[in-house]
Amino acid sequence: GTTVQRISPVPLNSLSNIISVSGGAAFTLFLRNDGIAWATGLNTNGQLGDGTLTQRTTPVQVSGLAGATALD
């Protein structure tokens, strides 16, 4: 009974050992314990950090964040 767009949860089968999660407007970032960040969701402004503007329904690795310790 609403006009709210809903996005189904992303299966995280490919991700394990997640130590931090951060979200924005229609996108989510995940940090694994090995310091590699992954992202999923809308990407109209390149917010996923994968070098594209393509929406991702499965997590993609964020470039340039290897060795991260937190997502703030």
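Biologist: Which residue forms a salt bridge with R32?

Modeller: Side chains of opposite charge can pair when their charged atoms come close. A salt bridge is a side-chain nitrogen of Lys or Arg within 4 Å of a carboxyl oxygen of Asp or Glu. Here D34 is the partner of R32, with the closest N and O atoms 2.5 Å apart. This is a predicted model: local features need pLDDT of at least 70, side-chain atom pairs count only at pLDDT 80 or more, and totals for chains, interfaces and linings use all residues. Residues are numbered from 1 along each chain as its sequence is written, and side-chain values use heavy atoms, leaving out hydrogens and water.

Biologist: How many salt bridges does a search of the whole structure find?

Modeller: The search finds 2. One of them joins R56 to D50, where the closest N and O atoms are 2.9 Å apart.

Biologist: Is R32 buried or exposed?

Modeller: Buried means under 20% relative accessible area, exposed over 50%, and partly exposed in between (1.4 Å probe, protein chains only). R32 is buried at 17%.

Biologist: What share of the chain's residues is buried?

Modeller: Of the 72 residues, 31% are buried.

Biologist: How many helices and strands are there in the chain?

Modeller: Both are DSSP runs, numbered from the N terminus: helices are H or I, at least four residues, and strands are E, at least two. This chain has 0 helices and 4 strands. Along the sequence the pattern reads β-β-β-β.
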